[in-house]
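This briefing goes through selected features of one protein model, grouped by topic. Have the sequence and the 3D view open while reading.

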Amino acid sequence: MKRPIILFILLLTVCLTAFAQRVTWNKVYSDYFDKWGEVAVQQMVQYRIPASITLAQGVLESGAGRSELARKANNHFGIKCNGWTGRKSYHDDDERGECFRAYDNAYQSYVDHSVFLTTSQRYRRLFDLKRTDYKGWAHGLKACGYATSPTYATRLIEIIETYKLHRYDTGKEFDKGGSSSVLQGELRHVYAFNKNYYVRARRGDTFRRIADELDVSYRKLASYNERKKNDLLEEGEIIWLQKKRRKAPKEFKNRPHRVEAGESMYTISQRYGIQLKSLYKMNNLSPNYVIRTGDRLRVR
């Protein structure tokens, strides 16, 4: 056999092998997308970030939830501290011992990823792209400096196309073993306030029901909200997803809260995302004090 033919066959074999490796179905990745697909769609509806991009970044940055950073800090997107005031975790990345954001659970990481992209001036131009333009988003994230790898955009696109993640971007084909609550209008919005996140309870909600939906511990969820784990929740009440703060945001420093009819110290503490004992302490009140309509309370 002539040498050029041998070289051609070898080259063809290498190319076919590389292609096969690129598109091989990885069950670990597939399971990750099944688990977090609905959350990614939820974030897309609320923040306009393509669900395919969120899922591809999550699986790539976290090794499908198996990286050390994901296991120890619940950080699925490799977001570093950069002004972060919450819990921190230190890992080697571009440099040794870099500071990364740490979360109580992976769901918080997904929400913070959305907040991080939407509030950063660096990524603002990406939101001019269509929700279905995953290629534009992938190249835009690389261009804006989300990652240092020169193949970052290419790898995101390959993951999206191999697993057909772009189907999530239309919000029409996602079905995880039945009907998607996201697509039936039952989306549970997550709001950000006072360096924390909260949802609104629905009729008949319990801490266990919300926790199961958000993949968090219902005992912790009840503790964050200073309640008993088996309490029934009233429709519309605020449920915090992390431990509440000691004070309200800075803008409330000289803005005391005027008590309205039907309010209690607890509902006020929930409204501002501050711990109940801190609210009493700030106002030099004992836990036995009964507030009255018209009272003015410090919240900062």
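Is Glu98 buried or exposed? Glu98 is buried, because its relative accessible area is 14%, where buried means under 20% relative accessible area, exposed over 50% and partly exposed in between, computed with a 1.4 Å probe on protein chains only. This is a predicted model, in which local features need pLDDT of at least 70 and side-chain atom pairs count only at pLDDT 80 or more, while totals for chains, interfaces and linings use all residues. Residues are numbered from 1 along each chain as its sequence is written, and side-chain values use heavy atoms, with hydrogens and water left out.

**Salt bridges**

- The structure holds twelve salt bridges, each being a side-chain nitrogen of Lys or Arg within 4 Å of a carboxyl oxygen of Asp or Glu.
- One of them pairs Glu98 with Lys80, with 2.9 Å between the closest N and O atoms. This pair links distant parts of the chain, 18 residues apart: Glu98 is in strand 2 (residues 98-101), and Lys80 is in the loop between helix 4 and strand 1 (88-91). Helices (H or I, at least four residues) and strands (E, at least two) are DSSP runs, numbered from the N terminus.
- Glu68 forms a salt bridge with Lys72, and their closest N and O atoms are 3.0 Å apart. Both residues belong to helix 4 (residues 68-73), where they are four residues apart, about one turn of the helix.
- Glu68 counts as partly exposed because its relative accessibility is 38%, whereas Lys72, at 54%, counts as exposed.
- Asp231 forms a salt bridge with Arg227, the closest N and O atoms being 3.0 Å apart. Asp231 is partly exposed at 22% relative accessibility, and Arg227 is also partly exposed at 22%.
- Arg227 and Asp231 are linked with Glu237 in a network of salt bridges.

**The disulfide and cysteines**

- The structure holds one disulfide, a pair of cysteine sulfur atoms within 2.5 Å.
- The disulfide joins Cys81 to Cys99, with an S to S distance of 1.9 Å. The link is left-handed, with -65 degrees about the S-S bond.
- This pair, too, links distant parts of the chain: Cys81 sits in the loop between helix 4 and strand 1, Cys99 sits in strand 2, and they are 18 residues apart.
- Cys81 is buried because its relative accessible area is 8%. Cys144 counts as buried at 10% relative accessibility.

**Around His91**

- His91 lies in strand 1 and counts as buried, because its relative accessibility is 9%.
- The side chains of His91 and Ser89 are joined by a polar contact of 2.7 Å. A polar contact is a pair of N or O atoms within 3.5 Å; within protein, one must be able to donate a hydrogen and the other to accept it, and residues adjacent in sequence count only if both atoms are side-chain atoms.
- Neighbours within four places in sequence aside, His91 is in contact (heavy atoms within 4.5 Å) with Glu68, Leu69, Lys72, Gly97, Glu98 and Phe100. Glu68 and Lys72 in this list form a salt bridge with each other.

**Around Val59**

- Val59 is found in helix 3 (residues 51-62) and is buried, with a relative accessible area of 0%.
- Leaving aside neighbours within four places in sequence, the contacts of Val59 are Tyr29, Tyr32, Phe33, Ala64 and Ile159.
- Val59 and Ser30 are 29 residues apart along the chain, and their C-alpha atoms are separated by 9.6 Å.
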